[in-house]
Amino acid sequence: MKMTKRKSLMAAAALILACAQLTACSGGTTSSSSSTSSSAPAADTSSSADSSAADTSSEASSEEGGMMTHEEIIKAAAADGKVGNWGLGNEYEIQALLTKYGLPTDYITMDFTMDQFDSDAVTLASAMTYNELGLVKNSYDGGYSYGDTVSIIDMNDEGVAMLEDNLFCSKAFAEANPNTVKAFVSASMKGWAYACEHPDEAAEIVFAAGSSVSADHQAYMAGEVAKLVTTDMNGNSVPASSVGNMDEEAMQQTLDLAKQYIILEDSAAKEALAAMTLDDIRSTAYLTYDPATDGAPEKTSVSIQLKWLPQAQFMGYYVAEAKGYYDEVGLDVNIVSGGGDISETTAVYNGTVDFGVTWVSNLINANAGGMELLEVAQVYQRSGLVLVYKKRNSRNIVQNSF
Amino acid sequence: MLWQTQVLHAWMGTDTITLPLPTRIGEIITQNSDTIMGHVKITIVVALGGLVMGSILGYAIAVIATVFSKWGAGGLTIVSAFNAIPLVALAPVINNWTRDLSSDVSVRSTVAKIIVVTISCTAAMSVNAFRGLTELKPFSEDLMKSYAAKKITVFMKLRLPNSIPYIFTALRVSVPASVIGALVTEYFAEETVGVGRQIRENIVKGQYPTAWAYIAVACAIGIILYAILMIAERLILKNRRAR
């Protein structure tokens, strides 16, 4: 008798669980489909945006008094365990920032949407200036419409910036095909220079080439990417003619931070990382190409692996292709888009593609593991990673703590 | 042998970075045993938690299906349909759902992971247990009825013991499934912990020897849990026969 009672209790619990699962499935489909890259956000995002706008207007008068400093915001979010990042090699700058303020380096894994930020599961969320930040602020298709109610903490200002999108190939490929590498770098950088001067046109070219995001977001992204390519970590402007140059100081800062925050369990890789110098990861020998003295490219058909989906983040390559810059130097280029868990370093290392775009930290990581990769151009001159927070949250926390 | 002497590498056209030598993998495991054990514990908690929950849930569903025999079999088909939802699709959905559950990320992340494993383990148990509860020896049910036994007595004395071997049949499916489920759901979890997550992180970061070390550990977890199950099955079923 006792036994059956327990059984029927279990049965009831089972039914409840089953129902909960059913609702979870039906409720969850909307949120999982609203990815950063494409579709529209769930209906509830607009309502939360409305409420945030209302909060701002009501609290606007107390604007000067209640704002927290960046340090306080970071410490508060870390104490709540609400600092977010995607991981997978994108976390080093955030960990450096947390360490700077004497905090543990734990973070919440963000999926590739800003839903966790929207729902306050993450209050200090990682965002790229050219992608997620635009989606958070703007109200176009896929946006969360936060506008000026959000603010950012910039890695460049905090002194923990690491260089991101570069252009690399394997050392063996560069040695065997120096002219191909030179030709590809010069044509690509010509594309980048043009794209940065004409971001709107570049956005259209990328959109036509098969975009993963809306035309509006593509245009926003092109404008923001142009800023990263033509401004260095200290905020000084970089002339379009020197796009792709490697700033020694910024490269060294990236390597130093990488040595500090890349945690390796493989002892051989650990030793390789500790001993690594800039000469192990980059060469400036391929930045200029003169067909008359250098000669024709050894390999004329080449491919490049992007770090993510087709978008203006990589506009220089799409522009070089569309404007015929690759044809001019006698190259036939195949642009391979990435996304998700694609490992661009592995793709270049094992010869699937000839060139790749990755973050400098990821290249350092791969070379520590024994892949002989070589950066041949540095496209982004400053970090595009920021931490975004809602202003109303930073005020609320102040009120709570007093 | 083929692996260590790199014959395998030549056959597969790969190299010692993407497929490191077994000695190197062993080296990494022994050098980082503390870190790795930490991740193993997390994965095992999720796998076993989900396995226990899923099995209890599955058995309960089978009991309900037996009691309400008219629509029982049909209901089970629906439960089995849950099993067809790919873990990859389920994990992010459950993550969203458990987000408000706790302010502690490790609590809500663990709950989300256990729920996914639970779902992946439920169907095998409910289908098998239902067979165990209903496919009785010929005439045994009639015999019980001729004794004017109550339904509950039939259940306790006949159906329940009859279902025990079927429980083990179900566990043989769901033990490996729970380990795989735990590894996959860690990929999407909010917390960057567990053996599965370490495999993903290290592969994307190009740290193949370390990734292989975690793959080896993941295999070991599956094999050890299965071995424990086999031993338990032998002990328990042997006692039954002796009686």
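This is a predicted model: local features need pLDDT of at least 70, side-chain atom pairs count only at pLDDT 80 or more; totals for chains, interfaces and linings use all residues.
## A guided tour, starting at a strand pair

Now widen the selection to the strands themselves. Strand β6 of chain A covers residues 301–305, and its pairing with β7(A) is parallel, with five bridges. Show the rest of the sheet next: it is open, has five strands, and runs in the order β7-β6-β8-β5-β9 in chain A, with mixed pairing. To find its edges, pick residues 332–336 for β7 and 373–378 for β9 of chain A; each of these strands pairs on one side only.

**Into the nonpolar core**

Next, select A:L167, A:F184, A:W192, A:I304, A:M315 and A:Y317. These are the residues with the most contacts inside the largest nonpolar core, which has 125 residues. Which helix gives this core its largest share? Select residues 178–197 of chain A: that is helix α10, and it supplies 11 residues. Domain 1 (5–161 + 385–401) and domain 2 (165–378) both contribute residues to the core, so the core lies between them.

Leaving aside residues up to four places away in sequence, A:M315 touches A:W192, A:A195, A:C196, A:A202, A:V206, A:A222, A:V225 and A:A226. Then jump to chain B and select B:L57, B:Y59, B:C121 and B:L229, which are among the 39 residues of another core, lying apart from the largest one.

Return to chain A and select A:N85, in strand β1 (residues 83–85). Is A:N85 buried or exposed? Its relative accessibility is 0%, so A:N85 counts as buried.

**Last stop: confidence**

Finally, colour chain A by pLDDT. The average is 83, and 81% of the residues score at least 70. Select residues 1–65 of chain A, where pLDDT is below 50; this stretch has 71 contacts in the model beyond near neighbours in sequence. At residues 397–402 of chain A, pLDDT also stays under 50, and the model has four contacts beyond four places in sequence for them.

Note on methods
Residues are numbered from 1 along each chain as its sequence is written. Chains are lettered from A and ligands numbered from 1 in the order in which they are written. Side-chain values use heavy atoms; hydrogens and water are left out. A nonpolar core is a set of buried Ala, Val, Leu, Ile, Met, Phe, Trp, Tyr and Cys residues joined through side-chain atoms within 4.5 Å. Buried means under 20% relative accessible area, exposed over 50%, partly exposed in between (1.4 Å probe, protein chains only). Helices (H or I, at least four residues) and strands (E, at least two) are DSSP runs, numbered from the N terminus. Domain bounds come from an automatic or database domain assignment. Contact means heavy atoms within 4.5 Å. pLDDT is the predictor's confidence in each residue, from 0 to 100. Two strands pair if DSSP finds at least two bridges between them.
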